[in-house]
Amino acid sequence: MALTNVSGKDRIILNTGDSAAVNFLGKPEEGLLLGLALRNALTGSTDDALKLGIGINLGLIRLIKEINN
């Protein structure tokens, strides 16, 4: 799995329903490496219906406590 090299305390994964948001709290290049690993893993896929959209934001993030925890 692409996230095995990133410690659980250095990332936050949020299930957004039909997708997921992965936030890296450590080095910014970890996000780029994850994107590359996902692309490489799916490049050989024979499933034409499988689509993947990846967005990378290297800007600051703000952590807040959401009302539903």
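Asp 10 is partly exposed, at 28% relative accessibility. Here buried means under 20% relative accessible area, exposed over 50%, and partly exposed in between (1.4 Å probe, protein chains only). This is a predicted model: local features need pLDDT of at least 70, side-chain atom pairs count only at pLDDT 80 or more, and totals for chains, interfaces and linings use all residues. Residues are numbered from 1 along each chain as its sequence is written, and side-chain values use heavy atoms, without hydrogens and water.

Asp 10 sits in the segment before β1. Setting aside neighbours within four places in sequence, Asp 10 is in contact (heavy atoms within 4.5 Å) with Asn 23, Phe 24, Leu 25 and Gly 26. Gly 26 is 16 residues from Asp 10 in sequence, yet their C-alpha atoms are 5.6 Å apart.

Glu 30 belongs to helix α1. Ile 56 lies in the segment after α1 (29-43). Helices (H or I, at least four residues) and strands (E, at least two) are DSSP runs, numbered from the N terminus.

| Residue | Relative accessible area | Class |
|---|---|---|
| Asp 10 | 28% | partly exposed |
| Glu 30 | 15% | buried |
| Ile 56 | 45% | partly exposed |

Confidence comes next. The protein's mean pLDDT (the predictor's confidence in each residue, from 0 to 100) is 75, and 78% of its residues reach 70 or more. Among the elements, α1 has the lowest mean pLDDT (80), and strand β1 (residues 11-15) the highest (83).
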